[in-house]
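Please look through the sequence and the structure shown here before reading on. The paragraphs that follow lead from a sheet to a pair of helices and then to the ligands.

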Amino acid sequence: MSFNILAINPGSTSTKIAVFEEEKEVFEITIRHPNEVIEQYACIFDQYDFRKQIIIDTLKEKGFDLNTLNAVVGRGGLLKPIKGGTYAVNEPMLNDLKKGVLGEHASNLGGIIANEIASQYHIPAFIVDPVVVDEMTDVAKVSGMAGVDRISIFHALNQKAVARRYAKSIGKQYQDINVIIAHLGGGISVGAHLKGKAVDVNNALDGDGPFSPERSGGIPIGTLTKMCFSGEYTLEEIKKKIKGKGGLVSYLNSNDGREVEAMIAKGDENAKRIYEAMAYQVSKEIGACATVLKGEVDAIILTGGLSYSKMLTNWIVDAVQFIAEVVVYPGEDEMRALAQGGLRVLKGEETPQIYEG
Ligand SMILES: Nc1ncnc2c1ncn2[C@@H]1O[C@H](COP(=O)(O)OP(=O)(O)OP(=O)(O)O)[C@@H](O)[C@H]1O
Ligand SMILES: CCCC(=O)O
């Protein structure tokens with residue numbers, strides 16, 4: 001018997017859906033949501049009906065028969081910290097996704113919508129490697145200020161998918177290799193993966209690690225603290241400076257690597273300095289991860305949309321190739337990773353994990 005899986009990946013400006021027949025992608029569709037539509041909703045959960053309906057309508061337009069599905073898999077969101085793997089959607093998870101226990105993220109809707117569609121067709125719903133996957137060692141969690149722990153929030157789904165892909169390419173299992181993975185997207189996360197576990201990674205959502213197209217990354221906290229108490233900014237304004245209007249946006253008013261490269265091509269020296277600084281910070285973070293793995297690194301993997309950029313990846317390769325071979329997997333393969341996570345459970349290769357809440 002072959003299994004059919006619907007994968008749902010809600011992002012900040014789009015919802016991606018894909019149908020897989022086992023490993024084979026039948027189709028993938030990206031439904032874009034213009035800013036003026038998204039802005040009508042006060043919080044992520046308020047978008048639930050609109051996003052669910054648009055998925056069902058799109059599948060109908062495509063002539064796809066939902067009765068042929070064996071499972072629905074959604075990208076999981078800001079749950080309480082959990083270890084990696086495939087999780088069956090359950091009540092504690094739905095409650096936490098609705099409440100946004102760790103905050104608002106479009107992927108909070110993934111599990112909720114997957115569950116709604118799956119229950120109509122009496123099939124299981126799963127989430128796979130949500131952004132809160134936490135495999136950090138105890139020592140990595142110490143921040144330097146009692147009461148403030150370092151937190152693992154990163155592109156777990158894509159990082160683990162590319163780690164498995166690299167392992168397969170060298171005839172090994174993810175559990176047998178040590179890799180450093182830099183996901184270079186709208187947000188940037190750099191993870192040290194030790195034998196199948198992301199034992200250290202920067203929190204890509206909250207002022208930690210390298211800056212990214214839209215996020216500030218870690219910045220000098222003394223200066224930030226003064227800004228916070230200057231009376232010049234509201235809490236919301238400061239949060240926006242860290243996430244949304246930080247990074248490339250704050251310096252160059254663009255979150256698009258291609259636009260920045262066009263500025264550089266026209267001779268804009270400041271654009272070059274900032275873009276190179278982003279590569280510099282990513283390289284430094286990779287160097288830090290090499291120490292976490294005590295120098296035993298099989299490969300450094302660059303992935304995410306910015307990895308399409310030769311300019312950026314060349315700077316990084318130049319700085320870190322002394323550590324290990326650098327492999328570039330541009331873009332992301334999250335839809336396949338979601339489907340594969342569901343498939344591993346349907347085939348009995350993995351037992352679904354239970355979210356305790
Ligand atoms: N060929 C390219 N050259 C330079 N930059 C590129 C290229 N293709 C995509 N990018 C940049 O990649 C970034 C988006 O990456 P990606 O699509 O992985 O992000 P996202 O999915 O929006 O966010 P995230 O990866 O954090 O979830 C943008 O800055 C985009 O301009
Ligand atoms: C933190 C991973 C997902 C994102 O960048 O939004």
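In what order do the five strands of the open sheet lie? In this predicted model, the order is S11-S10-S9-S12-S13, and the pairing is mixed. Strands of a sheet pair through backbone hydrogen bonds, and they do so either parallel or antiparallel. At the edges stand strand S11 (197–201) and strand S13 (326–330), each of which has a single partner strand, so one side of each is left without a neighbour in the sheet. Neighbouring strands are turned against each other by 25° on average, if direction is ignored. Strands S12 (residues 299–304) and S13 run parallel and are joined by five bridges, and Leu302 stands opposite Val328 in S13. Helix H11 (residues 269–292) packs on this sheet, where it touches S9, S10, S11 and S12, and its direction makes about 20° with that of S10.

Two packed helices are described by the angle between their axes and the distance between the axes. The axes of helix H6 (residues 156–169) and helix H13 (residues 334–346) come within 9 Å and cross at roughly 80°, and H6 and H13 are therefore roughly perpendicular to each other. Leu157, Asn158 and Ala161 of H6 make the contact with Glu334, Ala337 and Leu338 of H13.

Turning to the ligands, 15 residues surround ligand 1, and the closest are Gly185, Gly186, Gly257, Gly305 and Tyr308. Helix H10 (residues 257–265) gives the most to this shell, with three residues. By class, the shell around ligand 1 has three nonpolar, eight polar and four charged residues, while the shell around ligand 2 has five nonpolar, three polar and no charged residues.

Note on methods. Residues numbered from 1 in each chain as written. Chains lettered and ligands numbered in written order. Predicted model: local features only at pLDDT ≥ 70, side-chain atom pairs only at ≥ 80, totals over all residues. Near = placed C-beta within 6 Å. Helix = DSSP H or I, 4+ residues; strand = E, 2+ residues; numbered from the N terminus. Nonpolar A, V, L, I, M, F, W, Y, C, P; charged D, E, K, R; others polar. Axes fitted to C-alpha atoms, helices over the stretch in contact; angles between N-to-C directions. Parallel < 35°, antiparallel > 145°, perpendicular 65-115°, else oblique. Contact = placed C-beta atoms within 7 Å. Pairing = 2+ DSSP bridges.
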